[in-house]
Amino acid sequence: NKFRVTVARGAWDYDEWPSYFRNFHKYCVEKADDNGWLTSTTMNYELRSLGGKLIQTSTQGWYIRWDKEESHTFFVLKWT
């Protein structure tokens, strides 16, 4: 059973994202641009070491699926 945290409700409204996710996304966009990678691939690469995966759907929005709830807490603390 996985722990799931919604970070966007489907609307591309950056201002409504949690601040920790905006910080993480900005970092990943810059890293992806510098290396010619896709942002979503970069985000999932960064999340993998913590046991997370970004899921992007058109009906349920964006959410991060975690192996453990503690991993999300660490992620929030790191990117806040």
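First, the ground rules. This is a predicted model, in which local features need pLDDT of at least 70 and side-chain atom pairs count only at pLDDT 80 or more, while totals for chains, interfaces and linings use all residues. Residues are numbered from 1 along each chain as its sequence is written, and side-chain values use heavy atoms, with hydrogens and water left out.

Helices (H or I, at least four residues) and strands (E, at least two) are DSSP runs, numbered from the N terminus. Two strands pair if DSSP finds at least two bridges between them.

Now the sheet. It is open, with three strands in the order β1-β3-β2, and the pairing is antiparallel. At the edges sit β1 (3-8) and β2 (52-56), each pairing on one side only. From one strand to the next, the twist averages 25°. Axes here are lines fitted to C-alpha atoms, for helices over the stretch in contact, and angles run from 0 to 180 degrees between N-to-C directions.

Take the β2 side. Five bridges pair β2 with β3 (residues 62-66), in the antiparallel sense. I55 of this pairing stands opposite Y63 in β3. The two strands form a hairpin with five residues between them. In that turn, G61 has a positive phi of about 80°.

Now the other side. β1 and β3 run antiparallel too, joined by five bridges. T6 has Y63 in β3 as its bridge partner. So how covered is β3? Mostly: four of its five residues are buried, meaning under 20% relative accessible area, with exposed over 50% and partly exposed in between (1.4 Å probe, protein chains only).

On to the helices. Helix α3 (residues 69-79) lies across β1 and β3, at about 120° to β3. N44 lies in helix α2. Which residues does N44 contact, leaving aside its neighbours within four places in sequence? K53 and L54. Contact means heavy atoms within 4.5 Å. N44 and I64 are 20 residues apart in sequence, yet 9.5 Å apart in space, C-alpha to C-alpha.

Next, helix on helix. The axes of α1 (residues 19-35) and α2 come within 9 Å and cross at roughly 115°. The crossing is right-handed: a crossing is left-handed if the near helix is turned anticlockwise from the far one by less than a right angle, and right-handed if clockwise. From α1, the contact includes F21, F24 and Y27. From α2, it includes M43 and L47. By class, this contact has eight nonpolar, three polar and two charged residues. Ala, Val, Leu, Ile, Met, Phe, Trp, Tyr, Cys and Pro count as nonpolar, Asp, Glu, Lys and Arg as charged, and the others, Gly among them, as polar.

Last, α1 and α3. Their axes come within 8 Å and cross at roughly 75°. The two helices are therefore roughly perpendicular to each other; that label covers 65 to 115 degrees, with under 35 roughly parallel, over 145 roughly antiparallel and the rest oblique. S19, Y20, N23, F24 and Y27 of α1 meet H72, F75, V76 and W79 of α3. This contact has six nonpolar, three polar and no charged residues.
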